[in-house]
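Q: I'd like to take a close look at a single part of this protein and then see what is around it. Could you walk me through it slowly?

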Amino acid sequence: MKEQQSYAESRRRLVDSLKREGIIRSEAVERAMLKVPREMFLPPSFRDEAYLDTPLPIGYAQTISAPHMCAILCEYLELKEGQKILEIGTGSGYQAALLAEIVAPSDSSQLGHVYSVEVVQKLVSFSTGNLERTGYSDVVTVIYGDGSLGYPEKQPYDRVVVTAAAPMVPSPLIEQLKDGGRVLIPLERGFFMQELYLVEKKKGKEVRSALMPVAFVPLRGRYGSKP
Ligand code: SAH
């Protein structure tokens, strides 16, 4: 396995190329992508591939999303320090750490927090361990359960992000969103087609915009495509 220094160099090179491609647009997202060690969210055998811009297996037929997709989600969420975020699909915990790095950086006096729901119990342990080892367990709470139902205990949320593809926008996610808030969700669009949607809640009304074609694993649960 590589030395820490070499991971940091590869991380810098990846961030530079995502900036050149116009994917990383804000300083906050750049800072988060440079800070969170993606190698620490992978099974040991995949650590040396951490800075290839590709999804990687994390077990249980699930994947950690490609770095460019994680950056795209962070940018479109328009995150601010102090916000309360709900993520559906914790997986490795990497996206949750990026979100926390932006809404609750360690030098901030504001109380931003990420609540992340995961339906595979073994991935709850995997992500919790990863978040503990990297120092994010104070600002990210991982919850075991069906995230298509949201997490009503801590509503309302400033932002909601779903990292698995759904047949529809689960109504609980809109109900648990603050007015003026944003949801990012990949929606299934016909055979093997998915599109990333931005849903904004404006004066109680939903405004939807399709952003780009994407590829995510399927959302399970009550509002998912399989049980
Ligand atoms: N954000 C993750 C990538 C997740 S892949 C990361 O940074 O690594 C999608 C995840 O969604 C998988 O871990 C899968 O188990 C989870 N998932 C699927 N349906 C779900 C549901 N209904 N509730 C919570 N998690 C779900």
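About how much space lies in the largest cavity? Please also tell me which residues line the largest cavity.

A: Happy to! This is a predicted model, in which local features need pLDDT of at least 70 and side-chain atom pairs count only at pLDDT 80 or more, while totals for chains, interfaces and linings use all residues. Residues are numbered from 1 along each chain as its sequence is written, and side-chain values use heavy atoms, with hydrogens and water left out.

About 30 Å³ of space lies in the largest cavity. A cavity is a set of points on a 1 Å grid over the protein atoms alone where a 1.4 Å probe fits but cannot get out, and its lining residues have an atom within 4 Å of a point. The volume is the space filled by probe spheres set on the points, which are joined across faces, edges and corners. Searching the whole structure turns up one cavity of 30 Å³ or more.

The largest cavity is lined by R11, L14, V15, M33, R38, Y51 and Y94. Helix α1 (residues 4-20) gives the largest share of this lining, three residues. Helices here are DSSP runs of H or I with at least four residues, strands are runs of E with at least two, and both are numbered from the N terminus. By class, the cavity lining has five nonpolar, no polar and two charged residues. Ala, Val, Leu, Ile, Met, Phe, Trp, Tyr, Cys and Pro count as nonpolar, Asp, Glu, Lys and Arg as charged, and the others, Gly among them, as polar.

Several names in that lining come back when we see how the helices pack. Take α1 and α2 to begin with: their axes come within 9 Å and cross at roughly 155 degrees. Axes are lines fitted to C-alpha atoms, for helices over the stretch in contact, and angles run from 0 to 180 degrees between N-to-C directions. That angle makes α1 roughly antiparallel to α2, the word for angles over 145 degrees; under 35 is roughly parallel, 65 to 115 roughly perpendicular, and the rest oblique. R11, R12, V15, L18 and K19 of α1 make the contact with E30, M33, L34 and K35 of α2; contact means heavy atoms within 4.5 Å. Sorted by class, four of the residues in the contact of α1 with α2 are nonpolar, none is polar and five are charged.

On the α2 side, A28, V29, R31, A32, M33 and K35 meet Y94, L98, E101 and I102 of α4. This contact of α2 with α4 has seven nonpolar, no polar and three charged residues.

Y94 also has a place in the packing of α3 against α4, where the axes are 10 Å apart at an angle of about 35 degrees. Here C70, L73, C74 and L77 of α3 meet Y94, Q95, L98, L99 and I102 of α4. The contact of α3 with α4 counts eight nonpolar, one polar and no charged residues.

Let's finish with the pockets. A pocket is an open set of points with protein on both sides within 12 Å along at least five of seven lines. The largest pocket holds about 580 Å³. Of its 35 lining residues, Q62, T63, T163, A164 and V217 lie nearest its centre. Elements including α3 (67-77) and α4 each supply at least two residues of that lining, which divides into 17 nonpolar, 14 polar and four charged residues. The second largest pocket has a volume of about 160 Å³, and K35 and E101 are among the residues that line it. Its lining has five nonpolar, three polar and three charged residues.
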